[in-house]
Amino acid sequence: AQHSYLDSLKKDFAISENDTIKLVRLRNLTRIYSEINPDSAFSYSEKLLSLARELNFKLDEANALREMGYALTNMGNYPRSLQTILSAIKIAEDPKSEQKILTGNYNEDALVNRNENATNQRLSELAFIYDILGILYSNTNNYDKALMQYLKARQIAEQSGNVPLQSIINLTLSRAYLNLKKSDSALISLEKAYEQSIKVDYTRYLGSILLNMGIIYASQGNKLLGVEYYKKALIASAYKNYYPRGVVAG
């Protein structure tokens with residue numbers, strides 16, 4: 001199903017004549033490939049960056065740089081990833097980036113809602129970028145720095161009112177707490193992530209949330225409860241979830 005969706009999306013992109021539609025489809029392709037193939041994600045993010053600059057959509061430029069940074073992180077190019085993510089932050093922190101944005105319902109596979117007002121779109125993008133910066137620091141074992149970025153990301157996401165994004169950030173935040181051996185704090189973050197996912201029916205990462213809850217319960221000696229959450233995670237990973245990353249531990 002996933003490959004069929006990707007093939008359809010790539011075909012639609014190839015025949016796009018309207019630049020704004022092409023931009024939206026590039027965002028979709030970049031985001032999906034970011035989960036499965038960093039090389040392809042980087043290639044599409046380069047195209048996205050070029051088109052966003054051509055159309056002078058600053059938030060989409062920040063989005064492209066964020067996706068490039070995430071792809072570079074997954075490719076192990078940490079110095080360039082950091083430079084790219086910081087460039088994205090510089091754009092998204094500037095309120096002037098709100099002056100020209102694309103709005104409307106494009107059935108877009110993204111966590112920055114085009115139907116939100118300009119300020120909320122910018123805050124969502126900025127929160128997402130800080131979350132990616134946290135992932136970079138986690139991947140380089142700078143867990144204290146990662147925790148700082150996740151906490152900042154969560155605060156900004158709360159300001160934006162973006163509940164799905166808050167759920168994702170609480171999930172990544174829990175991993176930072178686990179790396180710092182703070183399992184109780186990690187569990188609190190996961191419980192928040194779970195509640196937020198259910199509240200808005202955003203189930204894409206529900207499998208990851210439940211699996212990590214199970215891991216913590218099992219590590220704390222409650223193996224029966226841990227197994228129950230493993231089972232819930234397996235069910236959730238198959239529900240409304242076409243990313244193979246539906247269940248990710250740690």
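The following exercises, each with a worked solution, concern a predicted model of a protein chain.

Residues are numbered from 1 along each chain as its sequence is written, and side-chain values use heavy atoms, with hydrogens and water left out. In this predicted model, local features need pLDDT of at least 70 and side-chain atom pairs count only at pLDDT 80 or more, while totals for chains, interfaces and linings use all residues.

**Exercise 1. The chain as a whole**

Task: Determine how many helices and strands the protein chain has, and what percentage of its residues is buried.

Solution: 
1. Helices (H or I, at least four residues) and strands (E, at least two) are taken as DSSP runs, numbered from the N terminus.
2. By that assignment the chain has eleven helices and zero strands.
3. Buried denotes under 20% relative accessible area, exposed over 50%, and partly exposed in between (1.4 Å probe, protein chains only).
4. Of the 250 residues in the chain, 52% are buried.
5. Accessible areas come from the Shrake-Rupley method with a 1.4 Å probe; for residues, only the protein chains shown count as cover. The accessible surface of the chain is about 11,500 Å², and carbon and sulfur atoms hold 50% of that surface.
6. A contact is defined by heavy atoms within 4.5 Å. Among contacts with a separation of 6 or more, 61% join residues 24 or more positions apart.

**Exercise 2. The surroundings of Ser197**

Task: Locate Ser197 and identify the side chain with which its own side chain makes a polar contact.

Solution: 
1. Ser197 belongs to helix H9, which covers residues 183-199.
2. With a relative accessible area of 2%, Ser197 is buried.
3. Beyond its neighbours within four places in sequence, Ser197 is in contact with Ser167, Tyr202, Leu206 and Ile209.
4. A polar contact is a pair of N or O atoms within 3.5 Å; within protein, one must be able to donate a hydrogen and the other to accept it, and residues adjacent in sequence count only if both atoms are side-chain atoms. The side chains of Ser197 and Ser167 make such a contact at 2.6 Å.
5. The C-alpha atoms of Ser197 and Pro164 are 6.3 Å apart, although 33 residues separate the two in sequence.

**Exercise 3. Helix H6 and its ends**

Task: Compare the span of helix H6 with the expected value, and state which residue caps its N-terminal end.

Solution: 
1. Helix H6 comprises residues 118-139, 22 residues in number.
2. The expected span is 1.5 Å times one less than the number of residues. From first to last C-alpha, H6 reaches 32 Å, close to the expected 32 Å.
3. Of the 22 residues in H6, 20 are buried, and the helix is thus mostly covered.
4. The N-terminal end of H6 is capped by Asn117, with a side-chain oxygen 3.2 Å from the backbone nitrogen of Thr119.
5. Ser138 lies in H6 and is buried at 13% relative accessible area. Its side chain is joined to that of Tyr150 by a polar contact of 3.3 Å.
6. Apart from neighbours within four places in sequence, Ser138 is in contact with Tyr143, Ala146 and Tyr150.
7. Just after H6, Asn141 adopts a positive phi of about 65°.

**Exercise 4. Aromatic rings**

Task: Classify the aromatic pair formed by Tyr33 and Tyr44 as stacked, tilted or edge-to-face.

Solution: 
1. Rings of Phe, Tyr and Trp (its six-membered ring) pair if their centres lie within 6.5 Å; planes under 30 degrees apart count as stacked, over 60 as edge-to-face and the rest as tilted.
2. The whole structure contains three aromatic pairs.
3. In one of them, Tyr33 and Tyr44 have ring centres 5.6 Å apart and planes at 15°, a stacked pair.
4. This pair links Tyr33 in helix H2 (residues 19-36) with Tyr44 in helix H3, eleven residues apart.
5. Tyr33 is buried at 10% relative accessible area, and Tyr44 is buried at 16%.
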